[in-house]
Amino acid sequence: MPPIHSTPYFQMDNPAILSLLRPTPGEKHRKSTSSSGGLLRMFKLFPMLTSGCKMVALLGRPRKPMLKDSATTGTIFGYRKGRVCLAIQDDPHSVPIFVIELPMLTSLLQKEMASDIVRIALESETKTHKKKVLKEFVWAVFCNGRKMGYSIRRKQLSDDELHVMQLLRGVSMGAGVLPSPNDKETVTADGELTYMRARFERVVGSKDSEAFYMINPDGAASGPELSIFFVRSN
């Protein structure tokens with residue numbers, strides 16, 4: 001596999017990514033389907049929301065189980081003027097198995113979501129294969145084909161990250177604005193603390209690649225709009 005750092009763009013024809021990509025014929029159909037992608041659309045509306053809104057479109061727990069128990073919980077959160085974080089959990093009540101601050105602003109990610117198809121790829125350039133791919137620490141981060149920079153996986157949660165995980169402990173899926181950890185108010189100097197939580201289907205391609213596909217809360221059959229890829233260089 002050619003070194004991806006030789007170009008500012010991460011090509012989606014990377015063999016490891018191609019093996020994980022879902023078929024895309026339904027992507028055009030998804031754009032014309034008004035019912036799908038409620039969470040992503042709500043996340044894109046955050047700049048238009050009033051600062052007094054503490055919780056937006058919180059779906060909470062459904063009365064009837066719509067998602068299989070094996071689904072993984074993924075949370076994207078961050079201050080509007082700060083960097084966005086990604087946390088992956090086995091379920092909303094468990095300790096995150098992966099947490100990282102991505103090298104991109106929350107506002108930039110919201111703009112990327114205007115495309116309705118968001119693909120975030122993280123590649124580890126390590127030469128060892130003795131541990132699971134999610135256990136790697138240093139990652140090159142790409143969003144919709146554009147290289148954003150490098151990030152290091154958290155060994156421990158920061159105070160802000162722990163605050164978000166505690167507040168969302170009982171939330172299965174949803175999107176909204178959370179009070180800040182210091183003054184318990186919504187607005188800070190860095191803007192509002194926004195979040196989007198969803199359930200993801202986890203697919204293991206090999207010992208060096210995994211993917212997470214967002215499960216739409218409305219049960220749309222057109223496929224996920226948000227995909228996250230983890231790849232280790234060979």
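Two strands pair if DSSP finds at least two bridges between them. Strands (E, at least two residues) and helices (H or I, at least four) are DSSP runs, numbered from the N terminus. These legends describe a predicted model, in which local features need pLDDT of at least 70, side-chain atom pairs count only at pLDDT 80 or more, and totals for chains, interfaces and linings use all residues. Residues are numbered from 1 along each chain as its sequence is written, and side-chain values use heavy atoms, with hydrogens and water left out.

**View 1. Strand S4 and its two partners.**
Let's start with strand S4 (118-124). S4 pairs with S5 in the antiparallel sense over four bridges, and here Leu122 has Val141 of S5 as its bridge partner. With S11, S4 pairs in the parallel sense over seven bridges; look for Val118 opposite Leu226 of S11. Is S4 mostly covered or mostly open? It is mostly covered, since seven of its seven residues are buried. Buried means under 20% relative accessible area, exposed means over 50%, and partly exposed lies in between (1.4 Å probe, protein chains only). In a regular strand the side chains alternate between the two faces of the sheet. On one side of S4 you can find Val118, Ile120, Leu122 and Ser124, and on the other Arg119, Ala121 and Glu123; all are buried.

**View 2. The largest nonpolar core.**
A nonpolar core is a set of buried Ala, Val, Leu, Ile, Met, Phe, Trp, Tyr and Cys residues joined through side-chain atoms within 4.5 Å. Which members of the largest core touch the most other members? They are Leu102, Leu109, Ile120, Leu122 and Phe230, out of 28 residues. Two or more residues come from each of strand S2 (83-89), strand S3 (98-105), S4, S5, S9, S10 and S11. S3 gives the largest share, four residues. In soluble globular proteins, nonpolar side chains tend to be buried together.

**View 3. Around Ile120, and a second core.**
Contact here means heavy atoms within 4.5 Å. Setting aside neighbours within four places in sequence, Ile120 is in contact with Leu102, Leu109, Phe142, Cys143, Leu226, Ser227, Ile228 and Phe229. A second, separate core has twelve residues, among them Tyr79, Cys85, Met165 and Leu168.

Glu136 and Arg232 form one, with their closest N and O atoms 2.7 Å apart. Glu136 sits in the loop between S4 and strand S5 (138-143), while Arg232 belongs to strand S11 (residues 226-232), so this pair links distant parts of the chain, 96 residues apart. Arg232 also bridges to Asp208, with the closest N and O atoms at 2.8 Å. Asp208 lies in the loop between strand S9 (191-206) and strand S10 (209-214), 24 residues from Arg232. Shared partners join Lys131, Glu136, Asp208 and Arg232 into one network.

Arg146 and Glu112 form a salt bridge whose closest N and O atoms are 3.2 Å apart. Arg146 is in strand S6 (residues 146-152) and Glu112 in helix H4 (residues 106-112), so the pair ties together parts that are 34 residues apart in sequence. Arg146 is partly exposed at 33% relative accessibility, whereas Glu112 is buried at 16%.

**View 4. Arg197, a buried charge without a salt bridge.**
Lys and Arg count as positive and Asp and Glu as negative; His and the chain ends are not counted. Arg197, in strand S9, is buried yet has no salt bridge. How far away is the nearest side chain of opposite charge? That side chain belongs to Asp91, 8.2 Å away. The Arg197 side chain does make a polar contact with the side chain of Thr75 (2.8 Å). A polar contact is a pair of N or O atoms within 3.5 Å; within protein, one must be able to donate a hydrogen and the other to accept it, and residues adjacent in sequence count only if both atoms are side-chain atoms.

Terms used. A salt bridge is a side-chain nitrogen of Lys or Arg within 4 Å of a carboxyl oxygen of Asp or Glu.
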